[in-house]
Amino acid sequence: MVSYKELGLVNSREMFEKAIEGGYAVPAFNFNNMEQMQAIIQACVEAESPVILQVSSGARKYANQTLLRYMAQGAVEYAKELGKNIPIVLHLDHGDTFELCKSCIDLGFSSVMIDGSSLPYEENVALTKKVVEYAHQYDVTVEGELGVLAGIEDDVAAEHSTYTRPEDVEDFVKKTGVDSLAISIGTSHGANKFRPEQCTRNADGVLVPPPLRFDILKEIERRIPGFPIVLHGSSSVPQDMVKIINEHGGAIKDAVGIPEEQLREAAKSAVCKVNIDSDGRLAMTAAIRQHFAEKPGDFDPRKYLGPARDWLKNLYIHKCKEVLGSAGKA
């Protein structure tokens, strides 16, 4: 058993309280490798932002759970070396079994998500409660989910979305004891969040997705005032990144994300955690594709992963400062 406190990490409880009170959202950035982790810490130290390092079950398989734990510990020390002891959470994204959540808690995670949203309601309640009861023994915070997000990201896939029913949230929070709740109000996983026929085109011919269901969010806030809300699938899919990728051999078609102005609005509410993964993937891929097009003779990974890390850092600084409002809140 490894306590996250020994690694210098924090759980999300105080972080979320401050975010709700301050009208901003904490960025939750997924990472799988060293360059991604470096970019996240460099950006959040420079922006003076708290941050949640997210690890999916796919990332655990790819990078190894032990290495990821020590990378998170290294992230804490790296932030100090860069001059700012920012609060850092190590969070399991979309845990789907009790065993997976327990394993992460035992290995030093400070927060876990148990996603029972695809299960019948009572089964979701029972599974979430079981994880909460185990996690709270070790002061680990737990995120649950009501409603289903469409799209594909790592091991999470759903063809259709189901909006969160506001009438369920009070009962769910009371029965499970969760510390935060992920809801479905129109965000979705992956870079292709919406089909073209679901969107309209603006004057520049750019696809514009349907707006988020802020009416559902407001009703949820009314029913559980001050309770931490989480938005998954909140990448905005920068069209300049998509263009660079496609101009240099890529084939990303009809990629549409969540407009940043809608995320700004959500961050001023009880939404205190916003998950961003696909935007980072796009930034890294764009940087690498452009580098190989301009310097096809390079074969040292540092030559192309270095620029990819820089692009990622700049993207994350933008998210902290211009979108989520978390800059200066560390």
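Modeller: Ground rule before we start: helices are DSSP runs of H or I with at least four residues, strands are runs of E with at least two, and both are numbered from the N terminus. D310, for example, lies in helix α12.

Colleague: What kind of model is this?

Modeller: This is a predicted model, in which local features need pLDDT of at least 70, side-chain atom pairs count only at pLDDT 80 or more, and totals for chains, interfaces and linings use all residues. Residues are numbered from 1 along each chain as its sequence is written, and side-chain values use heavy atoms, with hydrogens and water left out.

Colleague: Back to D310. Why does D310 count as partly exposed?

Modeller: D310 has 40% relative accessibility, so D310 counts as partly exposed. Buried means under 20% relative accessible area, exposed means over 50%, and partly exposed is in between (1.4 Å probe, protein chains only).

Colleague: How far apart are D310 and V26?

Modeller: In sequence, 284 residues. In space, 21 Å from C-alpha to C-alpha.

Colleague: And what does helix α12 lie across?

Modeller: Helix α12 (residues 301–324) lies across β1 (26–30) and β12 (271–276). α12 runs at about 150 degrees to β1. Axes are lines fitted to C-alpha atoms, for helices over the stretch in contact, and angles run from 0 to 180 degrees between N-to-C directions.

Colleague: Strands next. How many strands are in the closed barrel?

Modeller: Eight, in the order β1-β2-β3-β4-β5-β8-β11-β12, with parallel pairing. Two strands pair if DSSP finds at least two bridges between them. The twist averages 25 degrees from one strand to the next.

Colleague: Pick β8. How many bridges join β5 to β8?

Modeller: Four bridges join β5 (residues 141–146) to β8 (residues 180–183), and these strands run parallel. E143 is the bridge partner of S180. L146 stands opposite I183.

Colleague: What about β8 and β11?

Modeller: Three bridges join β8 to β11 (residues 229–231), again parallel. A182 has V230 as its bridge partner.

Colleague: Which way do the β8 residues point?

Modeller: S180 and A182 point one way, L181 and I183 the other way, and all are buried. In a regular strand, side chains alternate between the two faces of the sheet.

Colleague: What does L181 touch?

Modeller: G144, E145, L146, V169, F172, I224, F227, P228, I229 and V230, not counting residues up to four places away in sequence. Contact means heavy atoms within 4.5 Å.

Colleague: Which residues have the most contacts inside the largest nonpolar core?

Modeller: F31, I88, V112, L181 and I229, in a core of 91 residues. A nonpolar core is a set of buried Ala, Val, Leu, Ile, Met, Phe, Trp, Tyr and Cys residues joined through side-chain atoms within 4.5 Å.

Colleague: Now L92. Buried or exposed?

Modeller: L92 is buried, because its relative accessible area is 0%. L92 lies in strand β3. Beyond four places in sequence, L92 touches V55, S57, L100, C101, C104, F109, S111, V112 and M113.

Colleague: New topic: helix pairs. At what angle do α2 and α4 pack?

Modeller: About 35 degrees, with the axes of α2 (residues 34–47) and α4 (residues 65–81) 10 Å apart. α2 passes α4 in a right-handed crossing. A crossing is right-handed if the near helix is turned clockwise from the far one by less than a right angle, and left-handed if anticlockwise.

Colleague: Which residues make the contact?

Modeller: M34, M37, Q38, I41, Q42 and V45 of α2, with M71, A75, Y78 and A79 of α4.

Colleague: Last one. Why does E260 count as buried?

Modeller: E260 has 18% relative accessibility, so E260 counts as buried. E260 lies in helix α10 (residues 260–267). Leaving aside neighbours within four places in sequence, E260 is in contact with S236, H318, K319 and V323.
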